[in-house]
Amino acid sequence: MILETERRAVVEHASELADLTPGRTGNLSVRSRGDGTDAGPGDAFAITPTGVPYDGFDAEDVPVVGTDGERLDGEMAPSSEVPMHSAIYRREDVGAIVHTHSPWATALAVADQPLPPIHYMIVAVGKRVPVAEYAPYGTDELAENIVTAMTEASSTASLIENHGLVVTAPDLETALENTHHVESLARLYLESRSAGLEPQTLTDDQLETVLEKFESYGQ
């Protein structure tokens, strides 16, 4: 079974989407680690199947798709957002992608409002979270808009106008963790605004200091 490790990671973590997005509208993927399979290093990814409960599939069901968008393996059809995942993997050096319609981040997205640096934890994904221009879901146009927005903002995450959120990271655990960070910060921002307060934003110098400190954070 090609990309066995990546497919098992999709099965292991797919259920975490239930806390982030309504129904079956979220998806996630893990890029090949270059394990000597038919798909070369970084040339393919395992992705959640479309329209299936997050606990309703096994590793052999998980679709494997090439970064060119070609389906390579798996018993089930892949997520409709394959173009988004494929385009990001072709353009960005990332190992995993999480896409959700989490309520607070999506509230910003439908208002076409980027997430500013109101808290130092935003540096987990960059100095702000931009909004990618709307396009129909599952299209190459939407994928291009997302990649453009992240590139211009030097961010590993992007809101998607009238749609939701996408977060990238070196691995799936970090992508999911950072998705929670963005959702939490979006909630803080919107609740502050709804209370009639104007959230203070951090300066670029302050954010650079946090980035330096994060280099030695953790065990």
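Biologist: What makes β7 and β8 paired strands?
Modeller: Two strands pair if DSSP finds at least two bridges between them, and four bridges join β7 (residues 157-160) to β8 (residues 164-169), so they pair. They run antiparallel, and Ile-160 has Gly-164 of β8 as its bridge partner. This is a predicted model, with local features needing pLDDT of at least 70, side-chain atom pairs counting only at pLDDT 80 or more, and totals for chains, interfaces and linings using all residues. Residues are numbered from 1 along each chain as its sequence is written, and side-chain values use heavy atoms, leaving out hydrogens and water.

Biologist: Why are β4 and β6 called edge strands?
Modeller: The open, mixed sheet has eight strands in the order β4-β3-β2-β1-β5-β8-β7-β6. β4 (71-73) and β6 (131-132) each pair on one side only.

Biologist: Why is α2 called oblique to α4?
Modeller: Their axes, which are lines fitted to C-alpha atoms over the stretch in contact, with angles from 0 to 180 degrees between N-to-C directions, cross at roughly 40° and come within 8 Å. Angles under 35 degrees count as roughly parallel, over 145 as roughly antiparallel, 65 to 115 as roughly perpendicular and the rest as oblique; therefore α2 is oblique to α4.

Biologist: Which α2 residues make the contact with α4?
Modeller: Contact means heavy atoms within 4.5 Å, and on α2 the residues are Pro-83, Met-84, Ala-87, Ile-88 and Arg-91.

Methods:
Helices (H or I, at least four residues) and strands (E, at least two) are DSSP runs, numbered from the N terminus.
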